[in-house]
Amino acid sequence: MKIIFNKNIVSAAVAPLMCAVSGKSVLSTIEGILIEAKMPDTVVLTTYDLEKGVRTTIEAKVIEEGCFILNAQKFNQTIRVMGGEEITLTVDDNMSACISCGKSSHKMSALAGRDFPTIPDLESDRSFIVSQAVLKKMISQVSFAMAVNDQRMVLNGCFMKISDNDVMAVTCDGFKSAKCKKDTELVNKNTNGNAHLDYSFIVPVKTVNELSKLLDDDEEALTQVYVTRKNIVLLIGDLIFFSRLIDGAYIDYERIMVRNHKVFVEVEKQTILSALERAALVTEERIAGSVRSHVKIEVNGGILKVSATSATGSTYEEIAVDHEGDSIIIAFNNKFLIDSIRACDAERIKISMSTALTSINIEPADSEEKNEIFMILPVRMKD
């Protein structure tokens, strides 16, 4: 195999592929990048760590066709440090790869392309087109509440439900939960005769984190999504991003959210966020053997008091709020509370509470549609 690449083109193509390269594995093939060269000018690059994968196609001058695997980290580092605009990649019959540019050359071992793991089917008769910006926004709002290593596998990801005119995302880790629903225009690309969109699936946490980096903020940018029984595939610009899905039924997220609260507070989002971030100077202090302290919220007569005490100091602040219901004193993990309030897409938020041991809901104050709601469990106060 012999290929002549443009350095800038191949460097830009390889960068997003690195997210699907396994760092430590007994299988050297999933630490590599599959390079398929096809005459006269097509090169397909693929990485796949058995959980998620990325594929892209670039133009290059193909002198000799071939299909080989190179260590992705070494290949990426080598092409970046090469000088000049053109890079030549040659792989001989002894599985020795040579990357050269001008008078510089670097050699590494290659593996046969046939040893690369079989990737899932990248097309399905169940498909739709959605705005990248909408997906990215929703992911940013709910990703903080995903579990990472929960024994309940379904919680280690983001539950998504697709309907004809809306997309919903839900996450929960046992301490906090986030639900976000967006009314948006979807293009139905089903080829199985189904006139309506009605899909639900669970995307793994690692895939969600990578999607937040790959998706575009441009509201004009679209992505076509294919859904199979076990996998999801997204066409993002020149990239094909694919991932396995988590098998199982998601929890009844509507049932775990308390709806009959008795204490309600409305406050400017940035005002309470600023107070909690100042309290974080105390609650985030770490001393050997100590446990992170909580933030205490007291609501009484239209005043919300934020306080925290740790081994290194204390903080106290008062905020004027709109208050309805009884007085209450309740405590939270400060980071959880900050993340939940920050995720709420509104300038003014509504906090609904009942008792010091009952979960609270955070949602936009000016909306009655319940399209966004964030739930947090309180912590037991030490004092």
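Strands here are DSSP runs of at least two residues, numbered from the N terminus. In this predicted model, Glu64 belongs to strand E5, which covers residues 61-64. Glu64 is partly exposed, at a relative accessible area of 46%.

The chain as a whole contains 7 helices and 27 strands. Its C-alpha atoms fill a box of roughly 80 × 55 × 35 Å along the principal axes. Of its 383 residues, 52% count as buried. One pair of residues illustrates separation within the chain. Gly313 and Ile119 lie 194 residues apart in sequence. Their C-alpha atoms are 55 Å apart in space. Gly313 is part of strand E22, residues 313-320. Its relative accessibility is 26%, so Gly313 counts as partly exposed.

Val26 sits in the loop between helix H1 (7-17) and strand E2 (32-38). Val26 is exposed, with 84% relative accessible area.

Charge pairing was examined next. Side chains of opposite charge can pair when their charged atoms come close. A search of the whole structure finds 19 salt bridges. One of them links Lys179 to Glu254, with the closest N and O atoms 2.7 Å apart. Lys179 lies in strand E13 (residues 176-183) and Glu254 in helix H5 (residues 253-256), so this bridge ties together parts that are 75 residues apart in sequence. Lys179 is buried, at 9% relative accessible area. Glu254 is partly exposed, at 33% relative accessibility. Glu254 also meets the side chain of Arg259 in a salt bridge, at 2.7 Å from N to O. Arg259 counts as partly exposed, with a relative accessibility of 44%.

Another salt bridge joins Asp322 and Arg348, whose closest N and O atoms are 2.6 Å apart. Asp322 is in strand E23 (residues 322-324) and Arg348 is in strand E25 (residues 348-353), so the pair ties together parts that are 26 residues apart in sequence. Asp322 is partly exposed, at 45% relative accessibility. Arg348 is partly exposed too, at a relative accessible area of 26%. Salt bridges with shared partners join Asp322 and Arg348 to Glu266 and Glu268 in one network.

The cysteines were then checked for covalent links. A disulfide is a covalent bond between the sulfur atoms of two cysteines. The structure holds 0 disulfides. For Cys172, the closest cysteine sulfur is that of Cys158, 12 Å away and therefore too far for a bond. The cut-off for a disulfide is 2.5 Å between the sulfur atoms. Cys172 is buried, with a relative accessible area of 4%. Cys180 is likewise in no disulfide, and its nearest cysteine sulfur, in Cys344, is 9.4 Å away. Cys180 is buried, at 0% relative accessible area.

Definitions and conventions:
Residues numbered from 1 in each chain as written. Predicted model: local features only at pLDDT ≥ 70, side-chain atom pairs only at ≥ 80, totals over all residues. Heavy atoms only, no water. Helix = DSSP H or I, 4+ residues; strand = E, 2+ residues; numbered from the N terminus. Buried < 20%, exposed > 50% of the residue type's maximum accessible area, 1.4 Å probe, protein only. Salt bridge = Lys/Arg side-chain N within 4 Å of Asp/Glu carboxyl O.
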